[in-house]
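Open the model in your viewer and keep the selection tool at hand.

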Amino acid sequence: MSNPNEPADGADGSTEQPRAWWKRADIYQIYPRSFNDSDGDGIGDIPGMIENVPYLDELGVDAVWLSPVYASPQADNGYDISDYRAIDDQYGELADWEELLAALHDRDMRLIMDLVVNHTSDEHEWFQRSRAGEEPYDEFYYWREGDPAEPPNNWDSFFGGSAWSYDETREAWYLHLFDEKQPDLNWRNPAVREAVYEMMRWWLQKGIDGFRMDVINLLSKPEGLPDGDPDGGLTGAEHFMNGPKIHDYLSEMMAETVETVDREIMTVGETPGVSVEDAQEFVGEDGDGLSMVFQFEHVSVGDGDSKWEAGEWHLPAFKEIIERWQTGLAEDGWNSIYLSNHDQPRMVSRFGDDDQYRRKSAKLLGTFTHTLQGTPFVYQGEELGMTNTPFESIEELRDVEAINFVEEAIATGDAESYADVRDAIEAVSRDTARTPMQWTDGTHAGFTDGDPWIKLNPNYTSVNAERERTDPASVWQYYQDLIALREERDVLVFGDFELHYPDHPSVFAYTRTLGDERGLIVLNWSGESRSIDVPDHVDPGLELAIANDDAPQTLGTTLELSPWEARVYLTG
Ligand code: ISL
């Protein structure tokens with residue numbers, strides 16, 4: 001089979017799906033609460049984003065994925081929506097959002113909106129009416145009558161405890177895979193599905209360019225909601241991850257929404273727990289029609305039973321995961337490439353060295369995400385090499401997941417006090433990557449004139465955009481070069497991936513090939529110097545395209561790599 005990602009002979013093909021805009025794009029994720037506050041209430045907002053559209057343009061990104069800005073009681077920072085068609089007051093108004101869309105489009109950047117439809121907020125009108133038993137909303141959620149002391153099944157919530165809460169008004173249990181303020185919508189009900197599609201069409205008509213689909217593979221729950229295996233990870237997951245009708249729902253959703261508009265819409269489904277084969281069913285030729293999915297295997301490398309028990313991770317295991325996804329979706333489907341987002345720790349802290357080699361390892365990680373086959377996602381602050389934030393007490397935490405984890409650990413006796421879980425919180429909690437963007441070394445890092453909703457990382461005095469943008473050795477400048485390079489070189493976007501030295505404990509080396517174009521990417525993923533031979537069939541005449549240290553312009557036969565050194569060689 002020919003590689004459908006390769007350009008057709010002689011054709012530019014740029015408007016065809018094989019070379020759709022989102023394959024070439026670099027996507028920047030904005031986490032609204034923490035991006036930029038324009039009105040001094042300590043919370044980021046849309047006017048604050050508009051001020052920074054030129055910043056994004058200068059960085060060179062092609063699209064913005066906006067985490068939820070909809071009306072919300074903010075029990076899960078906006079992933080609990082109370083009105084899908086309104087902007088939350090703290091972020092601005094619909095008119096502000098329209099101005100943001102226009103400002104991005106004016107500069108040829110696109111806008112991807114977050115779609116959170118596995119659940120709503122319990123303050124959404126649908127739930128309020130459902131709780132009151134009012135038709136047709138009574139069956140909009142999963143309700144079960146029964147003993148108020150005995151949940152209907154043993155499913156766990158992602159945020160700890162049972163996935164069920166008892167509602168005194170309706171005198172029944174309702175399902176929530178996340179917080180109790182996030183009741184799950186009943187996707188078995190066609191009226192729910194139609195209400196969601198109508199809302200999606202409404203946003204598409206406003207001119208958006210795509211959706212990032214929150215936990216989209218959790219929508220389908222099996223009839224009877226059977227008990228899960230209590231010895232697995234999250235109890236019940238085998239029933240609700242990639243549930244029985246998931247592909248029916250998603251193909252229907254695509255047909256009723258994205259496929260009704262005549263421009264190329266990007267969709268990225270967030271799909272915890274998927275394998276390559278599962279992913280093909282969402283994004284492959286015969287799949288549901290999604291552009292790509294966010295898979296979790298590589299960011300879970302080394303995890304124990306839960307993310308809180310993250311152990312050591314080893315590069316060969318990580319390489320094996322990446323290779324499997326790179327080759328698995330090469331001919332049928334497309335990858336998303338990310339190492340961080342608002343749910344993951346900062347990538348330089350998780351996968352690099354956030355101390356001695358902060359800048360250099362941040363550049364290496366950026367080189368990695370920009371030279372794989374797939375669409376790279378940059379999480380706000382990544383381009384500055386921002387690091388995990390330390391949290392000295394539970395009072396400093398804001399995330400429901402982190403707070404529940406600490407309280408549960410203390411309640412069950414696993415921890416005596418916060419001090420016993422502090423390391424886990426600082427390594428993997430979501431708050432650690434949610435602290436405000438570090439714009440300057442001034443008050444509150446230039447993020448706000450008020451009191452920030454969450455503490456800042458104290459290192460903003462040295463790690464900040466103002467400094468990064470003027471320093472030629474900065475992570476920011478390097479990201480700008482990387483983004484431009486990927487845009488210029490088709491081989492980096494569409495080329496086939498081949499892994500070299502799979503068992504090498506610290507060097508990650510791979511080639512990319514597209515017709516006559518070739519690239520060799522070599523990453524020394526360690527704090528020690530390393531030397532490797534150039535793989536046999538790689539042309540020694542390749543030329544240096546980008547590197548995070550002084551490196552010879554041509555390849556030769558041996559590579560002497562300094563700690564955390566990254567190099568990209570390409571055909572001239
Ligand atoms: O963050 C996680 C583990 O720490 C994941 O389990 C996460 O909850 C999961 O990936 C789903 O994430 C998405 O849906 C959640 C929301 O809290 C996350 O922020 C969002 O990205 C519920 O809407």
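Select Asp 76 first. One of its polar side-chain atoms sits 2.4 Å from an oxygen atom of the ligand, a polar contact (N or O atoms paired within 3.5 Å). The protein covers 93% of the 490 Å² of accessible area that the ligand has on its own, by the Shrake-Rupley method with a 1.4 Å probe.

This is a predicted model: local features need pLDDT of at least 70, side-chain atom pairs pLDDT 80 or more, while totals for chains, interfaces and linings use all residues. Residues count from 1 along each chain as its sequence is written, and side-chain values use heavy atoms, without hydrogens or water.

Next, select Asp 343. A polar side-chain atom there lies 2.5 Å from a ligand oxygen atom. For Glu 401, the distance from a polar side-chain atom to a ligand oxygen atom is 2.8 Å.

How do its residues divide? Six are nonpolar, three polar and nine charged; Asp, Glu, Lys and Arg count as charged.

Move to the sheet. Eight parallel strands form an open sheet, ordered E11-E10-E9-E5-E2-E1-E13-E12. Strands here are DSSP runs of at least two residues, helices (H or I) of at least four, and pairing takes at least two bridges.

Zoom in on E1 (27-30) and E13 (375-379): three bridges join them in the parallel sense. Tyr 28 has Val 378 of E13 as its bridge partner.

Methods
Polar contact = N/O pair within 3.5 Å; in protein donor to acceptor, adjacent residues only side chain to side chain.
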